[in-house]
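Please look over the sequence and the model below before reading on.

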Amino acid sequence: ARSRAFASQALYCVRKLGIEPSRVNPNGGAIALGHPLGCTGARQVATLLHELHRTGERFGVVSMCIGTGMGAAAVFERA
């Protein structure tokens, strides 16, 4: 339920920032893949690094919420 609560926020950001929807969670996000408590960052980074290798893309971004309204994000560049 927690992940679904943020789906509307993700949709809003994609639309407001003009991000191509096909570039956001191309293989599914937390709703589709699961959202293991305490392992979100590791799961996101592992998925992102595999996807960068698979597609040959240069950059990737992960982001996640943290309690009390905070968040974290990271940009990765494939060497």
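Predicted model: local features only at pLDDT ≥ 70, side-chain atom pairs only at ≥ 80, totals over all residues.

Residues are numbered from 1 along each chain as its sequence is written, and side-chain values use heavy atoms, with hydrogens and water left out.

The mean pLDDT (the predictor's confidence in each residue, from 0 to 100) is 84 for the protein. Confidence is lowest in helix α1, residues 2–5, at a mean of 60, and highest in strand β2, residues 70–77, at 92. Helices (H or I, at least four residues) and strands (E, at least two) are DSSP runs, numbered from the N terminus.

The whole structure holds 3 salt bridges, each a side-chain nitrogen of Lys or Arg within 4 Å of a carboxyl oxygen of Asp or Glu. In one of them, R23 pairs with E57, with the closest N and O atoms 3.6 Å apart. R23 lies in the loop between α2 and α3 and E57 in the loop between α4 and β1, so the pair ties together parts that are 34 residues apart in sequence. R54 forms another with E51, at 2.7 Å between the closest N and O atoms. These two residues are 3 apart in helix α4, which separates R54 and E51 by about one helical turn.

R58 also forms a salt bridge with E77, where the closest N and O atoms are 2.6 Å apart.
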